[in-house]
Amino acid sequence: MKYLLAFLFLLPFVLTAQDTASSKRKLNILTLGDSNGTYPHSWPKQLQVALPEAQIFNISKSGRTIGFVNNGDSTLNSLLVLDENLKKAAEFTKDRPYDFIVLELGTNDAKAVFADRQKEVPQNLETLIKKIKGSRYPTISKAKIIIISPPPYGEKAKATEKYAGGDARVQQMSKTFEKVAKRNGCLFVNGYKTPGLDINTMTADGLHLDAVASRKLIEPVVELMVK
């Protein structure tokens, strides 16, 4: 009995030590997102805080889509600039393989201007995944891919003409993206149902996540990485 009590007493310290060890894993991570991946408090930055020993190369860009030309700018279409971005990522890492590639895209693909093209979105995601897996750079092609479906739209965003109806579209993406992820051997995180994320209080505009929301978004990602 006394040994059981001693074990129960020490258990929290053991778990804390395990969590600390996990956070110090020297992972090599490539992150690709839109504006929510670009801010000083963005989800890639929160990923770095959670995994301080990790090396993270972030190629997120504001306005980026999976496969649409947004705002007339072809450089915002991930598919059109993927080769260029993967080259940058490969040059950055040199001979060190990436352990994970994290994709958090879809918010801009759900804009009202693309409302009639939603069937293309999961198809574009699948093409993006296959291109990454088929990359000529072995440091990239062998990495595990984690798909984060986009967070919900808040009330302020939904009230604008630009994003009207977008929340229903990103909600649908959470379902279709999971199927695409499973079909292509990727890990999946449902960003639309992020535990603890309140989109209306954790954004100023119903779209761009604050530091707390960004941290909430990557918590399940970190869990997958340190298993």
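Modeller: E126 has a relative accessibility of 13% and therefore counts as buried (under 20% relative accessible area; exposed is over 50%, partly exposed lies in between, with a 1.4 Å probe and protein chains only). The model is predicted, so local features need pLDDT of at least 70 and side-chain atom pairs count only at pLDDT 80 or more, while totals for chains, interfaces and linings use all residues. Residues are numbered from 1 along each chain as its sequence is written, and side-chain values use heavy atoms, leaving out hydrogens and water.

The side chain of E126 meets that of K130 in a salt bridge, 3.9 Å from N to O (a side-chain nitrogen of Lys or Arg within 4 Å of a carboxyl oxygen of Asp or Glu). By this rule there are 6 salt bridges. Side chains of opposite charge can pair when their charged atoms come close. E126 and K130 both belong to helix α4, residues 120-133, and are 4 residues apart, about one turn of the helix (helices are DSSP runs of H or I with at least four residues, strands are runs of E with at least two, numbered from the N terminus).

Helix α7 holds both E178 and K182, again 4 residues apart, about one turn. Their closest N and O atoms are 3.6 Å apart, forming a salt bridge. E178 is partly exposed at 30%, while K182 is exposed at 63%. Shared partners in salt bridges also join E126, K130 and R183 into one network.

In helix α6, E155 and K158 are 3 residues apart, about one turn of the helix. This salt bridge has its closest N and O atoms 3.0 Å apart. E155 has a relative accessible area of 47% and so is partly exposed; K158, at 31%, is partly exposed as well.

Y153 and Y163 are edge-to-face, with 5.5 Å between centres and 85° between planes. Y153 lies in the loop between β4 (144-148) and α6 (155-158), and Y163 in the loop between α6 and α7 (166-183), so the pair ties together parts 10 residues apart in sequence. Y153 and Y163 are both buried.

Methods. Phe/Tyr/Trp six-rings, centres within 6.5 Å; stacked < 30°, edge-to-face > 60°.
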